[in-house]
Structure formats: C-alpha cells, structure tokens
Amino acid sequence: MGSGQVTSWQDKNITVAGLGVSGVSAARALAGLGAVVTVVDGGDGEGHRARAAELEAAGISVRLADAETLPEGTDLVVTSPGWKPDSPLFEAAARAGVEVVGDVEIAWLLRGPDAAPWLAITGTNGKTTTTQMLASILRAAGLKTAAVGNIGTPIIDVVTGGERYDVLAVELSSYQLHWAPSVRAHSAAVLNLAPDHLDWHGSMEAYAADKGRIYEGNTVACVYNVADRATEELVEKADVEEGCRAIGFTLGAPGPSMLGVVDGILVDRAFVENRQKNAQELAEVGDVNPPAPHNIANALAAAALARAFGVPPRAVRDGLRDFRPDAHRVAHVAEVDGVTYVDDSKATNTHAAEASLAAFEPVVWIAGGLAKGATFDELVRKSAERLRAVVLMGADRALIAQALARHAPQVPVVDLDRTDTGAMLAAVREAARLAERGDTVLLAPACASMDMFANYNKRGDAFADAVRELAAESA
C-alpha cells in the first residue's frame, strides 16, 4: 500500500501510533473513511483512558500500555511526529513489509482534487514565527488561509473539515518530514540548519536530509538562507518541478533572485521585472515585531513565500505590521530599576539562544535545562563579548558552565544547584543582583525544559511571574 497510491480507505487495517492530538485526529479521519483503525500507545494513565474511551465510542479500537507490538493484519502504520524511527513497533512493521507514514502524509493524501496549495516552512529555529507571519501576510492580501502543521489545528482536520482555503501556511518539523514522502509544496523554505534532535535522527546528515525533503517537487520557489550555506545545498540536491527557482533571503543587500535589507528597508529582487536592475520595497525594518536580526530573517522568508504566491508588496507590509509574536518568543516582560527583562523560553537549543543573545547587549543570561545532546562551545564563543554575567540552572547546566570556563572565563557565573521549579525565582533574583542599569536579563535557556517544567511555556510563565514579583518588591 504505497503512499500516493491509496484509492480507497474502506476496510483497510490501519494502526495509529500515539494517542496525542495528531493521533486522535488521524484515527477519527481514517475511521470516518471506512478504515478499521487501532490506536496503540505505551501510556495507561487517566488521560489516556479518557481519550481511549472517546475513540472506542466512535468504533475505534485502542490498545494502551503496549506501544511495541504490531496489531495482526495491519496494512499501514500512521505515526505521531515524536515516535523514533527505531521504535520496536516500526521495526516490526518493517519485518512485516508494512509502510509507516505520518499524519502530514495522511493529510496530503486526503486532500480534495481542488485543494489549497501548501506554502511550507521548516528549519531548526523560527518555524512557528515565520509560519504565523506568512499567514498574516496572506490574510492581508485578502486570501483565506490558516497556519497549520506543527502548530494550531491538526492538519488532517483542516484538510478534511469542509472549509475551503485559498492557500495554507504549513509548518513542518523534521519529524513530520521524515514520515511524509509524498508531500509536494507550491513553495517551501528552510530557514536554517543547526544540530538539533540528533538523538532522534541519529546524525546531522540524516537530520538535514529530512529537512531537505520539504523542497521535493516544489513548483515555484525553494527559499533558502544566504547566510546558511547548508540550506542552499539542500535546494541544489532537491528534485523540483521544471521552472522552480532558488530564492535567497539575506540581512544584507540582496543580489538578483533574493530578498534582503537596504537602508532599513526590506526589498525584493526576486519577484520583480528585470531583477538584475530593479528592486521592490516591501516594508521597513520597524514593521517587524520584534525587529531583532533573526526575526527580520524570518520576515524575509515569509515575504519570499508570499511573493512566490503572487501577494502584492502592500500586503507584505500590512501583514508584518499586523503580526504579534506568541508568548515566550523574545517577549518583553518588564523593566525594573533600569534593567529590561526578556523571556525567550522558546530558545530550546543553542542556535535559537545564539540568535536571541545577538539581539541584546550587555546581557545577564539565564540558561540551562536538558541539553538533548547539544554542545555549547560555539554558542559561548560567539556570545562571550555580550555577557555581563550568567545564571545557570537545570540538569545539564554543567555543560554550559564548562563552555563558559573555556571561552568566557572573565564572565561571572552563578551555578544554582537545584532543579525544582522554585529555582526560577532564585535565578531572577541573582540576575537582578548582577545586572546594571541599561542591561537586559535574558531567559534564553539553550536547552529543553522538561527537567523542571512541563514545557517551555511553563518555564516562561515562571520567569514572568518571578520578574513581576521582583517589580512589586522594588515598587
């Protein structure tokens, strides 16, 4: 049962791996098309049993506390994004000759004959912000759109929901791309590439290859980051439709077939007549919120995809002005005694933290958590001159401390030997003690949050609460 070859789901035996949001969405959609669906999940908690009961009431079988055994007679396995390729369930599927695909692949196969084209975005960092910027620009152009994929409503629900869209802004993670061999976007962007999720992919090469899948079969534009040669290499390797163009974005002055910045203006030298000589003004740097360098890059990538779809320049400007970033993404929390406090809890890897640190100077940096196999030498080396001081907490803080000792030995470091949630208040108090007027205290952990918090949102909330407590004390 090869991907792209499905003519009918009636009576197909489909095993869905995972009882999360995307798994439940896939199970309901496929059962609605007549498939015989079994959902498997290793959990057996109260929440699992409640979701299982809802699915069983809809005629869907659920097997809890066993995520390793392949149900007999399975024709296809549909996985949730986080399941590793070497999971026992998938190894059993391989032995049985059963294909494994993801929820994004199923969404692609379930599209109608006149379905909305996909403008797709991936990268180590900035995916969600760029996808939301793109959706804002498309809406400003009067187009019916939604930001879907790795964010928002499950993509299967959007594709099968009956609501008609002109175009979809689709965020795709490396996990989702790994399991989506048939997806063919109108245009796609890889924002950047840095080591991340290597414990899942096995190597940087495998991670990059999965990211590069987003360019396969593109029809109009493959958007790459001029400052990140690896993204351009992925374009060069991609098998695209005849006439598809490589479009670069840069924080410098753009060459032909690029978007870039000239004298504080975002300009387009890709989607204009006579691009050798002409450039089209799109927006001002001040229209980007916040106007940090990495976020301007996000805006240029979103603009490139929108322009590839034919959006007029005014809509790019209006869409960027209308965009409001999510919480915990370089979010200004407060100013206390002349010190600015910024929450970038979403900076869960070194690449994101580097971009965040580059936006401020001088910085008292709060960092630490779960390293996910990352190393911190390059991050510290590039950021050392910006650092007033560093406050470390979390399970893998010693790795950052060692990198600081090697590359920034002059920078004061406070090592909080604790991983309880109350450590955040202590970290903010230490940062306040070390900061001088005009400094920025920046939470950009460069690590995942699960050693101390349920997710990066909770970590950011704890930081904001601690800053507010500090402000109340100094009032």
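Mentor: Two strands pair if DSSP finds at least two bridges between them. Helices (H or I, at least four residues) and strands (E, at least two) are DSSP runs, numbered from the N terminus. This is a predicted model, in which local features need pLDDT of at least 70 and side-chain atom pairs count only at pLDDT 80 or more, while totals for chains, interfaces and linings use all residues. Residues are numbered from 1 along each chain as its sequence is written, and side-chain values use heavy atoms, with hydrogens and water left out.

Trainee: How many bridges join strand β1 to strand β2?

Mentor: Strand β1 covers residues 13-17 and strand β2 residues 36-41, and the two run parallel. Within this pairing, N13 stands opposite V36 in β2. The number of bridges joining β1 to β2 is 5.

Trainee: What is the order of the strands in the open sheet?

Mentor: The sheet has 5 strands with parallel pairing. Its edge strands, β3 (61-64) and β5 (99-102), each pair on one side only. The order is β3-β2-β1-β4-β5.

Trainee: Which strands does helix α3 touch?

Mentor: Contact means heavy atoms within 4.5 Å. Axes are lines fitted to C-alpha atoms, for helices over the stretch in contact, and angles run from 0 to 180 degrees between N-to-C directions. Helix α3 (residues 88-95) packs on the sheet, and its direction makes about 155° with that of β4 (76-79). The strands touched by α3 are β1, β2, β4 and β5.

Trainee: What is the centre to centre distance of the aromatic pair W83 and F90?

Mentor: Rings of Phe, Tyr and Trp (its six-membered ring) pair if their centres lie within 6.5 Å; planes under 30 degrees apart count as stacked, over 60 as edge-to-face and the rest as tilted. W83 and F90 are tilted, with 40° between the planes. Their centre to centre distance is 5.9 Å.

Trainee: Why does F90 count as buried?

Mentor: Buried means under 20% relative accessible area, exposed over 50%, partly exposed in between (1.4 Å probe, protein chains only). F90 counts as buried because its relative accessibility is 4%.

Trainee: Which residues do ring pairs link into a cluster?

Mentor: F90 and W179 form an edge-to-face pair, 5.1 Å centre to centre with 65° between the planes. F90 lies in helix α3 and W179 in the loop between α7 (174-178) and β9 (187-190), 89 residues apart. The cluster consists of W83, F90 and W179.
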